[in-house]
Amino acid sequence: MGKITARSGGDFENGNDRSGGTVTERRTKEQTKTKKPSLYKCILLNDDYTPMEFVVEILKQIFHKQQAEATRIMLHVHQNGMGVAGVYPYEIAETKIRTVEELAKEAQFPLKCVMEKE
């Protein structure tokens, strides 16, 4: 909300006019609220052809997981058909998914990664 200051008396240079009247100033402060971006899950989908080691390397390189966590996620994907590799804002999730699928295609594996709003 704005701040209102009222002064009376003395001279204009000190905030008052010479006629002895009151000078009122309104100072407004803009309030900006930054909305947090929606988050999206990057989900790896299981297939019967992509080696487990390749999936672990993808999790380490693209999603920056430690060896143990990458192995745990890979096993979850293998046993349950899908697993969350990470949660990111839309543009980052989209880039990671594209990177995973490009690397899988280069290595001639059918690994797929999809995005789902959290």
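Two strands count as paired if DSSP finds at least two bridges between them. Helices (H or I, at least four residues) and strands (E, at least two) are DSSP runs, numbered from the N terminus. This is a predicted model, in which local features need pLDDT of at least 70 and side-chain atom pairs count only at pLDDT 80 or more, while totals for chains, interfaces and linings use all residues. Residues are numbered from 1 along each chain as its sequence is written, and side-chain values use heavy atoms, with hydrogens and water left out.

**Stop 1**

You are looking at an open, antiparallel sheet of 3 strands in the order β4-β3-β5. From one strand to the next, the twist averages 30°. Between β3 and β4 there are 7 antiparallel bridges.

**Stop 2: L44 and the core**

Next, click on L44, whose bridge partner in β4 is G83. Leaving aside residues up to four places away in sequence, L44 touches several others, among them V55, L59, V77, V100 and L111. L44 also belongs to the largest nonpolar core, which has 22 residues; L44, L59, F63, V100 and L111 touch the most other members. Such a core is a set of buried Ala, Val, Leu, Ile, Met, Phe, Trp, Tyr and Cys residues joined through side-chain atoms within 4.5 Å. Buried means under 20% relative accessible area, exposed over 50%, and partly exposed in between (1.4 Å probe, protein chains only). Helix α1 gives the largest share of this core, 5 residues.

**Stop 3: T50**

Move to the loop between β3 and α1 to find T50. T50 has a relative accessible area of 11%, so this residue is buried. Its side chain reaches the backbone nitrogen of L111 at 3.4 Å.

**Stop 4: an aromatic pair**

Finally, select Y40 and Y90, an edge-to-face pair with 5.2 Å centre to centre and 75° between the planes. Rings of Phe, Tyr and Trp (its six-membered ring) pair if their centres lie within 6.5 Å; planes under 30 degrees apart count as stacked, over 60 as edge-to-face and the rest as tilted. Y40 lies in β3 and Y90 in α3, so the pair ties together parts 50 residues apart in sequence.

Notes:
Contact = heavy atoms within 4.5 Å. Axes fitted to C-alpha atoms, helices over the stretch in contact; angles between N-to-C directions. Polar contact = N/O pair within 3.5 Å; in protein donor to acceptor, adjacent residues only side chain to side chain.
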